[in-house]
Amino acid sequence: MTAPIRPIRPACAALLLAGFAGSARAADAPSIAWPEPGGRATISRPLKGSPLAVGVSSRTAGAIDSLTWGGTQFINARDHGRELQSAAAFDGYGECLNPTEAGSDADGTGPRSTSLLTALQVGADTLETRSQMAYWIGPGATTGNCPKGPGPHAGPRSNDVLAKRVTLGAEGVANAVAYRATYVTAEPHASATFEAATAYMPPDFAQFWSYDPATGRSAPLSAGPAEQGVPVILANADGSRAMGVYSPALPQPSVPNACYGRFNFATLPGPGNATVKWNCVFRENNVPAGAHSYTCYVVVGTLEDVKAGIAALRTALGGGPAAQAPQAAQAPRAAQAPRAAQAPRAAIAPQAAVAPPPAARAPGTALYVGTQGGCNAGEVTIDPGYKGCATAPIGATLAQPGNPGDPPVYVGTAAGLDAGLVTSNPRHLDAGTRPIGYLARPGSGGTPLYVGTQAGCNAGVVSTNPAHLDCSGAPLGVAVR
């Protein structure tokens, strides 16, 4: 069989286009139970009268192979190198040392992946997977995108693990999807290009735009391939459908004019082969073995919806409002599962010269406690579906400290490690966290909370139980109601 035309790919961009059609390489781990026929799982929520739905499959080892809204499919999933997925390239080998979530070049358009899916958890609007990534190019082989020749690996599948968490309605922005990728690298590397998220899209999305949420400025872009330091948006001709990407951690200081990439392969011949692509890239040097976490936010809707969503994310994540930012859609508030969004960061209004303002106890992020023994009992979380088990609301953090003694708290963001768990330690488990506000001082009205103090057991974990896991704890503060 003749291989489809594959364009030359720039080094460090980790583009993942089609290869030869290949045979089945691996099945899922025995523990995987797919909730839908055909080895599929889908999460969705309403967006402007139509479901925003994200789907993954066994075929792609849990990589996102479908994202639909308004009757439109936003993802090209022709082979195992496309999809909306994560990949990495190490030590200057390009494609020849290129662990890839959805599978290998040899998997082609086939029904199986060389990557191995080892964990799958589906919530109301969250989806988590864990997979052992295939090498894009097998041992001993090379392509025109392998600057150093064949990679040093000996087998088709790497020992590197990808744990990801996908959240719809992220940060209270209805058309935003948080994509948190944690790479657990098996060995150190001199350099790494982490393509934390990339989406291959149908060729209809061949209008490329930049959008700077700090200024509100947008401009058309060339077809590339190229990278830039502000978010990129891919839209159809009339702007009625678009997808963009944003990360508050980009651009990196070491590469201020890069990290958001765009690529146009809309003229590739063959049924379903034409595609366009964006990516969200982090470059690191002297990379130790272990966990490396990155978050990219995927924003969908019309072109104007996407701009508004990126602006709203920047504000929600602490970057301040954009100049003349368009109005963003707001996530609906379901009574049974309130969104755990950060409090809006508005400019502080002048204070009257009278009593202290009542905003001192203004709630910030909603808090829940696990109630299911043997799963999450006693653990405080921002996720009402934490670990897929039952929870109950217990109040909220304070958006701002009301007193000097109000302790700050954080939430874990590393999928597969501590995502959703509330902690007093901003470096809990040496993984990623983000601030979610403050607790009121012990003795204030509300739900008393405690923090574990016993290393190797419950240290740093916030709980409603002063002896969580039968280990020592100490009073920390109060969740306000």
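Two strands pair if DSSP finds at least two bridges between them, and strands here are DSSP runs of E with at least two residues, numbered from the N terminus like the helices, which are runs of H or I with at least four. In this predicted model, local features need pLDDT of at least 70 and side-chain atom pairs count only at pLDDT 80 or more, while totals for chains, interfaces and linings use all residues. Residues are numbered from 1 along each chain as its sequence is written, and side-chain values use heavy atoms, with hydrogens and water left out.

Let's start with the whole chain. The protein chain has 1 helix and 28 strands. Of its 481 residues, 54% count as buried, meaning under 20% relative accessible area, with exposed set at over 50% and partly exposed in between (1.4 Å probe, protein chains only).

Now follow strand β11 (residues 189-201). Of its 13 residues, 11 are buried. On one side, β11 pairs with β5 in the antiparallel sense over 6 bridges, and L84 has A199 in β11 as its bridge partner. β11 is also joined to strand β18 (residues 275-287) by 11 bridges, again antiparallel. There A199 stands opposite W278.

The structure holds 6 aromatic pairs; rings of Phe, Tyr and Trp (its six-membered ring) pair if their centres lie within 6.5 Å, with planes under 30 degrees apart counted as stacked, over 60 as edge-to-face and the rest as tilted. One of these pairs is F90 with F194, edge-to-face at 6.1 Å centre to centre and 80 degrees between the planes. F90 sits in β5 (residues 84-90) and F194 in β11, 104 residues apart.

Finally, turn to helix α1 (residues 303-316): its 14 residues should span 20 Å at 1.5 Å a residue, and its end C-alpha atoms are 20 Å apart, so the two agree. The expected span is 1.5 Å times one less than the number of residues. In α1, 12 of the 14 residues are buried, among them K307. K307 also lies over the face of W209, at 5.3 Å from the ring centre; this asks for NZ of Lys or CZ of Arg within 6 Å of the ring centre and within 35 degrees of the ring normal. Just after α1, G318 takes a positive phi of about 95 degrees.
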